[in-house]
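Hi there,

Here is the structure I promised to pass on to you. Have a look at it first, and my notes follow just below.

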Amino acid sequence: MNASFLNEQKNFSIFLDLLKQLIRVPSVTGAEHSFLLYLKRELDELGIKTEHYDGLLVAIGNEPINGILSAHIDRHGIICTGPNEFQFAAFLAKNRSDLRGNSLSEQTFQLISKRYINQDVHAYDPFNGGYLGMGKIKDAFLKEEINNLIFEIEGLNHLVPSTPIAFVDKLKQEENLISAQLDNVISAAIILYLYQNGFQGTAFFTAQEEAGKSWRFINEWFKKNKLSTNRLIVLDTSPFDTREEANNQQIVLRNKDANAKFKSPLLKEIKSFCKKNKISFSCKDNFLKEKNILRVKNGLKPLSIGSTELGRIILESNGSIQGTTLQIPTTGYHTVDETANILSVKSVIFILSSFYIKNFSKQF
């Protein structure tokens with residue numbers, strides 16, 4: 001990879017400052033409105049045209065087909081569902097119509113419930129983001145009757161139903177690692193950072209991905225505008241069990257997910273670019289296939305290869321929308337301690353800027 005790109009700390013510090021700002025703006029699944037408005041204001045100030053729909057913010061630069069990016073912007077959190085009753089937002093009964101049980105979120109959320117105990121949280125107005133109070137999670141457990149996590153929260157018994165509650169979070173850095181609830185605010189930060197540095201393509205910021213709904217917003221936008229593409233890049237994080245597993249690659253790609261094969265020419269182009277620039281990568285579907293061979297040998301149930309936003313878009317659009325995923329390997333999935341290697345973040349920025357921004361390396 002370009003050595004000057006990796007060694008330049010000043011401009012990466014600017015990116016980290018941007019990420020810190022976005023992390024402070026809550027965006028619980030189903031209550032992302034205030035975060036979308038924050039992004040809209042930032043893009044408007046850059047002179048980027050924006051279109052704000054229910055569950056979707058579209059940014060359109062002066063060269064709209066020179067790069068088409070997407071990132072979901074919802075983060076896991078809690079919704080008040082009744083008198084002193086709090087449930088995991090993404091898996092509320094009203095959201096389950098779009099969940100198929102084959103996403104990594106659905107397979108892991110029951111396993112991580114105890115990680116949230118003693119976590120500070122804050123409630124906010126779902127429309128303007130206004131602060132509505134602070135609390136602390138005292139317990140979290142699976143309620144089998146409703147197939148969702150129930151939280152006991154101290155300090156928020158005054159809330160009314162439908163009030164979102166976000167995990168109190170801030171970016172932490174230790175040597176070459178950064179930690180926070182990175183999924184998927186880090187991708188939103190990358191896209192905004194690219195616009196700040198000359199990107200003039202199109203970007204989609206989608207809501208409710210953790211509830212399996214985000215594909216609908218992009219698919220509908222393409223349908224309304226009678227458009228199609230085979231060059232959509234969906235940015236996200238990709239979870240691994242250990243730091244060793246995560247560090248085996250700088251970026252994560254996919255050939256397919258549980259819904260569809262990824263047939264975009266971009267996949268081959270990114271693989272070739274990575275090989276040329278010595279950026280290590282893996283394909284998550286291959287990784288999980290190999291892992292499942294070992295699980296079956298040990299008498300364990302195989303894991304799903306995962307359901308992604310892109311796979312649902314390809315499936316539901318009958319292939320009229322195609323693309324590839326570009327993901328940052330992380331550990332601590334769906335907690336405020338989700339951790340990524342800085343080299344991985346820089347690699348994603350380097351790939352996208354090399355594809356879509358002229359002279360970016362000189363600016364950087």
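Let me begin with Arg 115, whose contacts beyond four places in sequence are Gly 332, Tyr 333 and Thr 335. Arg 115 sits in the loop that links helix H4 (104–108) to strand E6 (120–124). I also looked at Arg 115 against Gly 77: the two are 38 residues apart along the chain, and 13 Å separates their C-alpha atoms. Please keep in mind throughout that this is a predicted model.

Moving on into strand E6, you will find His 122 there. Is His 122 buried or exposed? Its relative accessibility is 16%, and since buried means under 20%, His 122 counts as buried. Setting aside residues up to four places away in sequence, His 122 touches Pro 26, Tyr 131, Gly 133 and Met 134, and also Pro 164, Ile 165, Ala 166 and Val 168.

Next, strand E3, which covers residues 68–72. Five of its five residues are buried. In a regular strand, side chains alternate between the two faces of the sheet. In E3, one side carries Ile 68, Ser 70 and His 72, the other carries Leu 69 and Ala 71, and all of these are buried, so that both faces are covered.

Which strands pair with E3? One is E12 (residues 202–206), which runs parallel to E3 and is joined to it by five bridges. There, Leu 69 has Ala 203 of E12 as its bridge partner. Another is E13 (residues 229–239), also parallel to E3, with four bridges between them.

A few words on helix H6, which spans residues 214–224. Its buried residues are Ser 214, Trp 215, Phe 217, Ile 218, Asn 219, Trp 221 and Phe 222. Just after H6 comes Lys 226, with a positive phi of about 50°.

Where does the lining come from? Helix H3 (33–45), strand E1 (49–53) and strand E4 (78–82) each give at least two residues, and E4 has the largest share, with three.

Finally, the overall picture. The protein has 12 helices and 17 strands. Its C-alpha atoms fill a box of roughly 55 × 55 × 45 Å along the principal axes. A compact globule of 364 residues would have a radius of gyration near 21 Å, and the 20 Å found for this protein agrees with that. Of the 364 residues, 58% are buried. As for contacts between residues at least 6 apart in sequence, 75% of them join residues at least 24 apart.

I hope this helps you find your way around.

Best wishes

Definitions and conventions:
Residues are numbered from 1 along each chain as its sequence is written. This is a predicted model: local features need pLDDT of at least 70, side-chain atom pairs count only at pLDDT 80 or more; totals for chains, interfaces and linings use all residues. Side-chain values use heavy atoms; hydrogens and water are left out. Buried means under 20% relative accessible area, exposed over 50%, partly exposed in between (1.4 Å probe, protein chains only). Two strands pair if DSSP finds at least two bridges between them. Contact means heavy atoms within 4.5 Å. The radius of gyration is taken over C-alpha atoms; the globule rule is 2.2 Å times the number of residues to the power 0.38.
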